[in-house]
Amino acid sequence: MINFTVGPVQSSPEVRAIGAEHVPYFRTPEFSAVMLENEALMQRFVKAPEGARTVFITGSGTASMEAAVMNVLSPADKVLLVNGGSFGQRFCELCQIHQIPFEQIKLDTGKALTADHLAAFENKGFTAFLVNIHETSTGVRYDAELIGDFCRRNGLVLIVDAISSFLADDFDMAAMGADVMITGSQKALACPPGISVLVLSKKAVERIEHNDVRCMYLDLKSALKNGERGQTPFTPAVGTLLQIHARLKGIEAMGGVEAETAKIAALAADFRSRIADLPLEVCSESLSNAVTPLMTKNCSAYDVFTVLKDEYGIWVCPNGGEYKDKIFRVGHIGDLTVEDNRILSDALHDLVKREILR
Ligand SMILES: *Cc1c(COP(=O)(O)O)cnc(C)c1O
């Protein structure tokens, strides 16, 4: 199978080789050194502000979304959040569960966030802003500068879910003024699922220190404390953390985050140029390099997904809910090549000949 989904994605041979080994004991100076290096590399790659800290949570991306909401926010906050798809909706549900007051900017599928959307919320007593900088479910990437400026003007704590955007798109945490940046192991980090990452500004760390969190596993106070010596409060997904370490070091050796982002951008551009003649519409006003969302015209998008899976050995990413038969997505993250793009493009052109894609 060739995997063009948005996660889990394909891992490099080097990362997979680590997965084949025994998982080592981890309360050791050696593992602590790996974790401290993971923290330093993460902070370098996201361009974290001075004094930032990083926490590695054993749990998928949603665990870190929930940890951010629980630890950085409280019922005394008033949150503005962008809801442009299923991950924006997840932040709404998390605020509801944790009784954090919020208002949402609801965007239609495929639509970008604009200054007009934000204008109505200036000086309205908000204290925090939640956004999925790339709403993976629709393939819309929001304008970081627009959001950062709004938050700075209004003095808001800014929590950014960059789970599918990290490494795929430029991201500058300090320039954006973000207080929390979240990512996960199974997106562009191209490791197995199981670890998510929170990079926290000084202000976020202070909020965490003063917050009363009713949860043992996701209380970030103990994670921060243990992290000072490169450890975690509980047994982490040790093997995945070693794979992340190899991946981060590999990115550094190949020219750093800019080179990695350029590679993903080139793969996305190559794919988009190959499919321009197909009966498919790129249905996002503002694309991320991570994914191309495609709307079918006269056939079911889900049928395209199924035929590619069963007859061509290719996974693309189906959409759920009301867009199941209208939209499928092609990811450009993970260990993919231009040759893989050619194979997918040939398969899609073959589906046109067979009148399955029309
Ligand atoms: C993948 C993803 C998540 C996390 O999903 P998990 O299944 O919990 O890893 C959250 N937000 C965005 C934008 C994502 O792409």
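How far apart do the C-alpha centres of domain 1 and domain 2 lie? They lie 26 Å apart. This is a predicted model, in which local features need pLDDT of at least 70 and side-chain atom pairs count only at pLDDT 80 or more, while totals for chains, interfaces and linings use all residues. Residues are numbered from 1 along each chain as its sequence is written, and side-chain values use heavy atoms, with hydrogens and water left out.

**The two domains**

Select residues 13-253 for domain 1 and residues 256-353 for domain 2; such bounds come from an automatic or database domain assignment. Between them, 25 residues of domain 1 are in contact with 23 residues of domain 2, where contact means heavy atoms within 4.5 Å. The area buried between the domains is about 1,900 Å², and carbon and sulfur atoms give 52% of it. Buried area is the accessible area (1.4 Å probe) that two parts lose on being put together, summed over both. Next, select Thr109, Leu167 and Ala168: they supply 22% of the area that domain 1 buries against domain 2, more than any other three residues.

**Links across the interface**

The count between domain 1 and domain 2 is 3 salt bridges, a salt bridge being a side-chain nitrogen of Lys or Arg within 4 Å of a carboxyl oxygen of Asp or Glu. Select Arg247 and Glu260, which form a salt bridge with their closest N and O atoms 2.9 Å apart. Then display α10 (238-253) and β7 (140-141), the elements that give two or more residues to the side of domain 1 that touches domain 2. Helices (H or I, at least four residues) and strands (E, at least two) are DSSP runs, numbered from the N terminus.

Now select Lys47 and Glu258, whose side chains meet in a salt bridge (2.9 Å, N to O). Lys47 lies in the loop between α2 (29-45) and β2 (53-58) and Glu258 in helix α11 (residues 256-274), so the pair ties together parts that are 211 residues apart in sequence.

**The open sheet**

Finally, display the open sheet of 4 strands, whose order is β11-β12-β15-β14 with antiparallel pairing. Two strands pair if DSSP finds at least two bridges between them. The edge strands, β11 (280-282) and β14 (317-318), each pair on one side only. Select β12 (residues 291-296) together with β15 (residues 327-331): these strands pair in the antiparallel sense over 5 bridges. Which residue in β15 does Leu294 stand opposite? Leu294 stands opposite Phe328.
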